[in-house]
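Me: Let's go through this structure in short questions. Show it first, please.

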Amino acid sequence: FKGDDTCEYLLSSGRFLGDKVWQPHSCMMHKYKNSEAKNCLIDKHIAFIGDSRIRQLFYSFIKLINPQVKEEGNKHGNIPFEDKSASIKVDFLWYPEVNGSMRQRIKSWTEAATAKPHIIVAGAATWSIKIHNGSNEALTQYKINITSIAPLLEKLAKSSDVYWVLQDPVYEDMLSESRKMITNEKIDAYNEAAVRILNSSSRNSKAKVKVFSVSKLIAQETIMKSSDGLHLPESSRETNAMILMNVYCNKILKPIDGSCCQPQPPLTLIQKLAFCFFTLSFIGYLIINLIHRNNYRKNKPCTDLENGEEKKPAVSTPTVSTLEMLLHSFCKLGLIMTYFYLCDRANLFMKENKFYTHSSFFIPIIYILVLGVFYTENTKETKVLNREQTDEWKGWMQLVILIYHISGASTFLPVYMHIRVLVAAYLFQTGYGHFSYFWIKGDFGVYRVCQVLFRLNFLVVVLCIVMDRPYQFYYFVPLVTVWFMIIYVTLAIWPQIVQKKANGNCFWHFGLLLKLICLLTCIFFLSYSQGAFEKIFSFWPLSKCFELNGNVYEWWFRWKLDRYVVFHGMLFAFIYLALQKWQVLSEGKGDPLFSTRVSNVLLFISVACFLTYSVWASSCKNKTDCNELHPSVSVVQILAFILIRNIPGYIRSVYSSFFAWFGKISLELFICQYHIWLAADTKGILVLIPGYPMLNVMVSTFIFVCVAHEISQITNDLAQIVVPKDNPTLLKRLLCMAGFFSGLLLFSAIQDQSRH
């Protein structure tokens with residue numbers, strides 16, 4: 001650990017993930033687009049000074065600004081480049097040797113009254129080796145020349161970013177006869193001299209010339225692909241140019257997936273207040289605990305010395321009070337949130353980019369599926385989608401989604417399309433579960449609504465405060481929250497139709513179907529009217545919840561992607577409960593769901609539909625086109641899975657307790673992964689143990705799962721305290737919550753104003 005300056009790692013160390021993806025040691029590299037490069041380098045002047053290798057780097061760099069640039073012009077002369085739209089000027093200056101001419105050019109910048117280049121990239125040596133036939137005298141002269149240039153570079157480094165590029169190794173077998181004297185041994189000697197002299201000069205100066213040594217590591221892996229043994233292949237040059245762009249631009253644009261060279265963000269006002277709150281909770285809990293211990297000691301049984309009997313205290317040991325339980329929960333939560341902050345906001349732990357390979361996704365999938373089968377137990381009930389079965393379903397889906405995220409499998413379209421079905425299946429369960437509850441119980445009370453909203457949103461609200469992220473950033477929670485409210489409003493508005501009422505008169509079934517048709521019509525209208533949707537969610541304070549990057553487009557996209565599946569879940573619940581009431585289904589232990597013939601036909605159709613969808617998803621060529629079809633067809637594979645899982649009696653009567661355990665904390669796992677398993681807000685991977693990828697995943701996963709489980713328990717404990725069943729008390733708590741969120745909005749507005 002070298003402190004906050006991850007630039008040193010970026011410029012000096014790293015490794016290849018696969019053939020072309022470069023992974024700096026400890027931090028993440030952002031892949032800059034042309035528009036981002038222009039935005040960062042606007043009104044900037046960059047100078048590349050050196051030989052043909054520096055010219056290569058110059059061309060790769062300007063192609064990040066304008067990909068249409070062609071490598072043409074005088075190879076042994078100066079080459080200017082200018083982008084007038086962004087006022088960017090990039091010059092290549094031909095100085096193939098470190099000599100008096102190069103020194104004079106650098107000196108002119110130090111003495112010039114006009115503006116100096118904002119970035120200077122320099123380097124040369126191979127020409128000196130070639131011209132002087134690799135003589136020791138040439139090396140001695142090189143040391144003298146670079147010693148005279150070093151103070152000038154240090155002077156420039158006070159106002160500009162100065163980089164000295166070390167010489168890349170060569171592939172000696174491919175070198176032409178005129179270049180045979182350029183050996184790796186000679187190159188190492190020149191590099192060693194440059195590093196020693198520049199570092200010695202830096203110790204005597206506050207400014208520092210940055211040594212660009214990472215190019216050597218890249219060349220060691222790729223120089224064999226060189227066309228002449230001297231110059232790097234294009235992919236390696238592009239990597240070097242991207243590293244330069246990250247070194248300079250990350251601290252300006254602050255991309256989420258570019259953690260290299262980014263300073264630690266300052267604490268916001270809301271984060272400071274959260275820190276004070278957790279600190280006060282910790283102090284309060286300690287005080288109450290000390291008081292209770294003191295009382296216990298005073299009332300501790302003492303032995304009567306005369307007869308040897310133990311006297312019982314007059315007062316019994318005090319029970320845990322509501323306040324103590326509240327403070328205890330906040331203490332644990334405070335410690336957990338500290339870990340969250342250290343993992344993904346402080347520059348304490350390392351972060352790495354994701355890199356997808358088929359084996360990194362499919363091998364863990366096979367492993368957890370085999371593991372899940374070993375934990376098979378009998379269910380308490382054998383109904384379709386019973387509690388154990390839905391927990392199991394959530395559990396294995398969540399584990400697959402976690403593996404999908406950490407392996408970076410979103411780049412592989414067939415996997416992406418299948419994962420979209422799993423997300424849709426979660427929302428299907430939302431529609432099925434909440435509809436079933438309201439239909440059977442008929443409980444539309446405020447207590448039920450508050451309990452559900454608290455359990456869904458508590459962790460996300462805390463993370464929004466601690467991690468300084470908008471509510472919409474954790475998109476899945478806003479999604480299930482809004483759909484829960486839609487289900488509630490649909491069933492709660494007049495006339496309230498529940499199972500008890502419908503059993504007395506079949507007419508009410510048609511009334512409910514009419515409600516569902518109205519809901520489907522509204523969904524259809526909003527999905528094809530982006531303007532109307534955005535107007536609804538652009539009203540304050542809704543806009544504060546659903547905006548991301550200043551607009552609600554992301555929210556509209558997420559909602560639209562699975563717009564019909566909650567309706568499908570509600571409709572399935574209605575049909576299933578109606579069939580159950582009419583005793584069409586056989587849900588006994590070991591019994592097939594229908595008659596043998598019907599069960600076999602439905603099973604065959606289900607398997608065919610399941611495989612057909614998988615074939616279609618695997619043949620997808622365009623993500624946009626497939627996403628357009630997904631809302632309408634995802635229900636096919638979901639229904640096929642439900643029938644395959646429930647028609648055979650034996651399969652319906654057993655479940656995996658391993659998957660069910662994870663299913664009970666699936667929401668916490670989904671949210672916690674953002675910061676303490678993945679990193680940089682899901683863009684990278686958290687590295688607790690560098691150099692040992694498998695051990696790192698094992699340790700970080702263990703901590704991550706334990707934290708998610710603990711947060712689930714804390715949420716359940718706090719839900720009982722914050723959302724009481726007593727209506728007058730609940731009303732007071734709701735007023736307090738309204739005050740809390742009003743204060744949060746006020747502080748958020750102050751915070752936004754101070755940022756601007």
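Me: Is Lys251 buried, partly exposed or exposed, and what is its relative accessible area?
Reply: This is a predicted model, where local features need pLDDT of at least 70, side-chain atom pairs count only at pLDDT 80 or more, and totals for chains, interfaces and linings use all residues. Residues are numbered from 1 along each chain as its sequence is written, and side-chain values use heavy atoms, with hydrogens and water left out. Buried means under 20% relative accessible area, exposed over 50%, and partly exposed in between (1.4 Å probe, protein chains only). Lys251 is therefore partly exposed, at 35%.

Me: Which residue meets Lys251 in a salt bridge?
Reply: A salt bridge needs a side-chain nitrogen of Lys or Arg within 4 Å of a carboxyl oxygen of Asp or Glu. Here the N to O distance is 3.8 Å. The partner of Lys251 is Asp161.

Me: How many residues apart are Lys251 and Asp161?
Reply: Helices (H or I, at least four residues) and strands (E, at least two) are DSSP runs, numbered from the N terminus. Lys251 sits in helix α9 (residues 234-253), and Asp161 in strand β7 (residues 161-165). The pair links distant parts of the chain, and the separation is 90 residues.

Me: Is Asp161 buried or exposed?
Reply: Its relative accessibility is 15%. Asp161 therefore counts as buried.

Me: Which residue pairs with Asp681 in a salt bridge?
Reply: The closest N and O atoms are 2.6 Å apart. Asp681 lies in the loop between β14 (678-679) and β15 (684-687), and its partner in the loop between α15 (446-466) and α16, so the bridge ties together parts 212 residues apart in sequence. Asp681 is buried at 2% relative accessibility. The partner is Arg469.

Me: Which residues are joined into one network with Asp681?
Reply: Salt bridges that share partners make the network. Besides Asp681, the members are Asp344, Arg345 and Arg469.

Me: At what angle do helices α16 and α21 pack?
Reply: Axes are lines fitted to C-alpha atoms, for helices over the stretch in contact, and angles run from 0 to 180 degrees between N-to-C directions. Helix α16 covers residues 476-492 and helix α21 residues 553-561. Their axes are 11 Å apart. The angle is about 65°.

Me: Which residues of α21 meet α16?
Reply: Contact means heavy atoms within 4.5 Å. From α16 come Pro478, Leu479, Val482 and Trp483. From α21 come Trp555, Arg558 and Trp559.
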